[in-house]
Amino acid sequence: MTLVQLEYIVALDNHRHFVQAAKSCFVTQPTLTMQIKKLEEELNVVIFDRHRTPLVPTKEGAKILEKARDVLREARQLRTMVKSDKELLSGKFRIAVIPTLAPYILPLFWTPFLNEFPELDLKVEEEQSDQIIEKLKNDELDMAILVTPVEDRQIKEHPVFYEAFLAYTAQNQYFYKQEMVEPSDIENKNLLILNEGHCFRNQVLNICSQDSKRKSKFVYESGSIETLIRMVDKGYGYTLIPELGVPQHPKDPKMIKKFKEPQPVREVSVITHKSFVNDLLLEKVIDTLQSVIPESMKKVHRRKRIAWK
């Protein structure tokens with residue numbers, strides 16, 4: 001059994017196609033197939049059910065794949081531990097950001113981070129929280145920026161800042177003339193929310209009081225906060241938006257309403273798998289994030305952290 005063979009079965013599990021898996025490993029398809037066959041013979045186990053399309057792991061194969069990912073992750077972390085500081089801030093680095101953070105935090109983070117660490121080959125992708133957690137466990141990501149807590153023993157959470165929720169209302173809505181709002185105000189039938197799957201949607205619903213949830217009719221759902229904002233700008237309904245998502249030039253500043261204390265906030269964190277050992281890289285990511293956000297977001301005093309599960 002070799003690390004290369006373990007890499008091949010993990011690649012095949014990721015792609016569920018021999019040719020695509022071979023391309024990802026930069027080998028020919030016969031080479032990959034032969035090595036996987038040798039591993040199966042050595043273990044006396046069929047790892048993949050080749051009679052199904054796309055192929056899937058057998059029950060025994062799924063257990064082997066889980067251990068293979070652990071072994072490969074530990075091998076990579078062992079190599080990381082013996083690198084110099086310069087090497088720790090170079091090479092490939094895979095990071096994911098949730099869609100309700102990416103448009104607001106990436107433009108602030110991207111340029112200063114890459115300018116300071118030009119040797120990093122940075123790959124950034126947008127994924128929803130559940131997919132990100134799964135990819136961290138499957139060793140398909142190194143790090144992620146999302147909302148916590150995730151409440152998973154395999155994941156380490158490193159809180160960075162606390163972003164307030166704000167109400168964004170059309171001029172014809174009943175609380176437009178109020179200075180501030182509170183959860184009990186979120187009961188009108190014209191509340192606009194994100195599609196299912198977004199943690200921001202779950203948090204919005206968690207902010208609403210139980211009485212509000214019974215009364216509300218969520219008549220429009222979108223995959224984009226920006227779309228919801230445009231709907232409100234055109235005079236329809238209201239929505240909740242993150243603090244970093246406040247329009248720079250709002251149609252009417254009175255359309256933006258803060259919540260009364262304790263303000264509802266989302267805790268934004270950098271997360272890694274529990275076995276992640278590149279502490280220097282983690283520190284630099286957190287430092288860069290904290291350098292580009294308002295000072296007020298670093299405190300949780302008089303604020304209420306909203307769960308997304």
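# Briefing: contacts, cores and helix packing

Setting aside neighbours within four places in sequence, P99 is in contact (heavy atoms within 4.5 Å) with E126, E127, Q128 and H198. The model is predicted: local features need pLDDT of at least 70 and side-chain atom pairs count only at pLDDT 80 or more, whereas totals for chains, interfaces and linings use all residues. Residues are numbered from 1 along each chain as its sequence is written, and side-chain values use heavy atoms, with hydrogens and water left out.

**Overall**

- The protein has 11 helices and 13 strands; these are DSSP runs numbered from the N terminus, helices being H or I of at least four residues and strands E of at least two.
- The C-alpha trace spans about 75 × 45 × 30 Å along its principal axes.
- Of the 309 residues, 48% are buried (buried is under 20% relative accessible area, exposed over 50%, partly exposed in between, with a 1.4 Å probe and protein chains only).
- Among contacts between residues at least 6 apart in sequence, 76% join residues at least 24 apart.

- P99 sits in the loop between β3 (91-97) and α6 (102-116).
- P99 counts as partly exposed because its relative accessibility is 23%.
- The C-alpha atoms of P99 and Q128 are 6.6 Å apart in space, while the two residues are 29 apart in sequence.
- D233 belongs to helix α10 (residues 225-233).
- With a relative accessible area of 19%, D233 is buried.
- Not counting residues up to four places away in sequence, D233 touches Y168, K251 and M255.

**Nonpolar cores**

- A nonpolar core is a set of buried Ala, Val, Leu, Ile, Met, Phe, Trp, Tyr and Cys residues joined through side-chain atoms within 4.5 Å.
- The largest such core has 72 residues, of which F93, F113, I132, M143, F161, V270 and V285 touch the most other members.
- Strand β6 (residues 155-169) supplies the largest share of this core, seven residues.
- A second, separate core has 19 residues, including Y8, A11, L39 and F48.
- Beyond its neighbours within four places in sequence, M143 is in contact with residues including F93, I95, L136, V270, F276, L281 and V285.
- In soluble globular proteins, nonpolar side chains tend to be buried together.

**Helix α1 against α4**

- The axes of α1 (residues 3-15) and α4 (residues 59-81) come within 9 Å and cross at roughly 125 degrees; axes are lines fitted to C-alpha atoms, for helices over the stretch in contact, and angles run from 0 to 180 degrees between N-to-C directions.
- α1 and α4 are therefore oblique to each other, since angles under 35 degrees count as roughly parallel, over 145 as roughly antiparallel, 65 to 115 as roughly perpendicular and the rest as oblique.
- L3, L6, E7, I9, V10, D13 and N14 of α1 meet I64, L65, A68, R69, V71, L72, A75 and R79 of α4.
- This contact of α1 with α4 comprises 10 nonpolar, one polar and four charged residues (Ala, Val, Leu, Ile, Met, Phe, Trp, Tyr, Cys and Pro count as nonpolar, Asp, Glu, Lys and Arg as charged, and the others, Gly among them, as polar).

**Helix α1 against α2**

- The axes of α1 and α2 (residues 18-25) come within 8 Å and cross at roughly 130 degrees.
- α1 and α2 are therefore oblique to each other as well.
- E7, Y8, A11, L12 and H15 of α1 make the contact with F18, Q20, A21, S24 and C25 of α2.
- By class, the contact of α1 with α2 has six nonpolar, three polar and one charged residues.
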